[in-house]
Amino acid sequence: MGRPRVFDVDEALDRALRVFWRKGYEGTSLSDLTRAMRISRPSLYAAFGNKEQLFRRVLDRYAEGPAAYVGEALAEPTARAVVERLWRGAVDQLTAPRSPRGCLLVQGGLACGDEAQPIRRELAMRRDAGVAALRARFERAVAEHDLPPGSDPGELARYAAAVGHGMAVLAAGGAGREELARVAERALRAWPS
């Protein structure tokens, strides 16, 4: 029988999230993780498996925590309200004082080598799932006559995601709240009415 865990798994995941968010998948070493999580390597492996498995758990945690605004936006009553809440939520999250700048799903695996291709695919799959959720929501909006006739839900979903991802890149480069809010406002002017 193994020894019981002497650390809080949720707290350790939150700490790992911040490291991966700041440094990306490949830029984060096991030493970075164990130091930030305040656990030993054997404890990390016992609780989370390997680095790749830990990263996947962190991505789930990110979706449930810092990126929860995406799911909340999808519940809005109109397509316009969906994108307004989505982009305003992005501005809030991207400029939150206690969060790293940028988006974990956008930056987490952009500069991965060949060995980390499964991570790049995982991040792309999760971004694609977000676009698919937006497309489904906009298909509903078309059926409800909330969007003008001839609107392309797939095109609108890609547009909404591209604006959000673009703001994440700007935030990672140092853009502040006001600049990102102006981007969101400009993008809203292009939304079909």
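Residues are numbered from 1 along each chain as its sequence is written, and side-chain values use heavy atoms, without hydrogens and water. In this predicted model, local features need pLDDT of at least 70, side-chain atom pairs count only at pLDDT 80 or more, and totals for chains, interfaces and linings use all residues.

Two helix contacts were examined. Helices are DSSP runs (H or I, at least four residues), numbered from the N terminus. Helix α3 spans residues 41-48 and helix α4 spans residues 51-64. Their axes come within 9 Å and cross at roughly 60°. Axes are lines fitted to C-alpha atoms, for helices over the stretch in contact, and angles run from 0 to 180 degrees between N-to-C directions. Helices α3 and α4 are therefore oblique to each other. Angles under 35 degrees count as roughly parallel, over 145 as roughly antiparallel, 65 to 115 as roughly perpendicular and the rest as oblique. The crossing of α3 with α4 is left-handed. A left-handed crossing has the near helix turned anticlockwise from the far one by less than a right angle; clockwise gives a right-handed one. Leu44, Ala47 and Phe48 in α3 meet Gln53, Leu54 and Arg57 in α4 (contact means heavy atoms within 4.5 Å). The residues of this contact divide into four nonpolar, one polar and one charged. Here Ala, Val, Leu, Ile, Met, Phe, Trp, Tyr, Cys and Pro count as nonpolar, Asp, Glu, Lys and Arg as charged, and the others, Gly among them, as polar.

The second contact joins helix α8 (residues 117-143) and helix α9 (residues 153-172). Their axes come within 8 Å and cross at roughly 135°. Helices α8 and α9 are therefore also oblique to each other. Their crossing is right-handed. On the α8 side, the contact includes Arg127, Val131, Leu134 and Phe138. On the α9 side, Pro153, Leu156, Arg158 and His165 are among the partners. The residues of this contact divide into nine nonpolar, two polar and four charged.

The structure holds eight aromatic pairs. Rings of Phe, Tyr and Trp (its six-membered ring) pair if their centres lie within 6.5 Å; planes under 30 degrees apart count as stacked, over 60 as edge-to-face and the rest as tilted. Phe7 and Phe48 form a tilted pair, 6.4 Å centre to centre with 40° between the planes. Phe7 sits in the segment before α1 (9-27), Phe48 in helix α3, 41 residues apart. Phe7 counts as buried at 19% relative accessibility. Phe48 is buried too, with a relative accessible area of 4%. Buried means under 20% relative accessible area, exposed over 50%, partly exposed in between (1.4 Å probe, protein chains only).

The rings of Trp21 and Tyr62 have their centres 5.1 Å apart and their planes at 85°, so this pair is edge-to-face. Trp21 lies in helix α1 and Tyr62 in helix α4, so the pair ties together parts 41 residues apart in sequence. Trp21 is buried at 4% relative accessibility. Tyr62 is buried at 4%. Elsewhere, ring pairs link Trp87, Phe138, Tyr159 and Trp191 into a cluster.

Two loop residues complete the account. Arg38 has a positive phi of about 60° although it is not a glycine. Arg38 is found in the loop between α2 (30-37) and α3. Its relative accessible area of 60% makes Arg38 exposed. His145, not a glycine either, has a positive phi of about 60°. His145 lies in the loop between α8 and α9 and counts as exposed at 71% relative accessibility.
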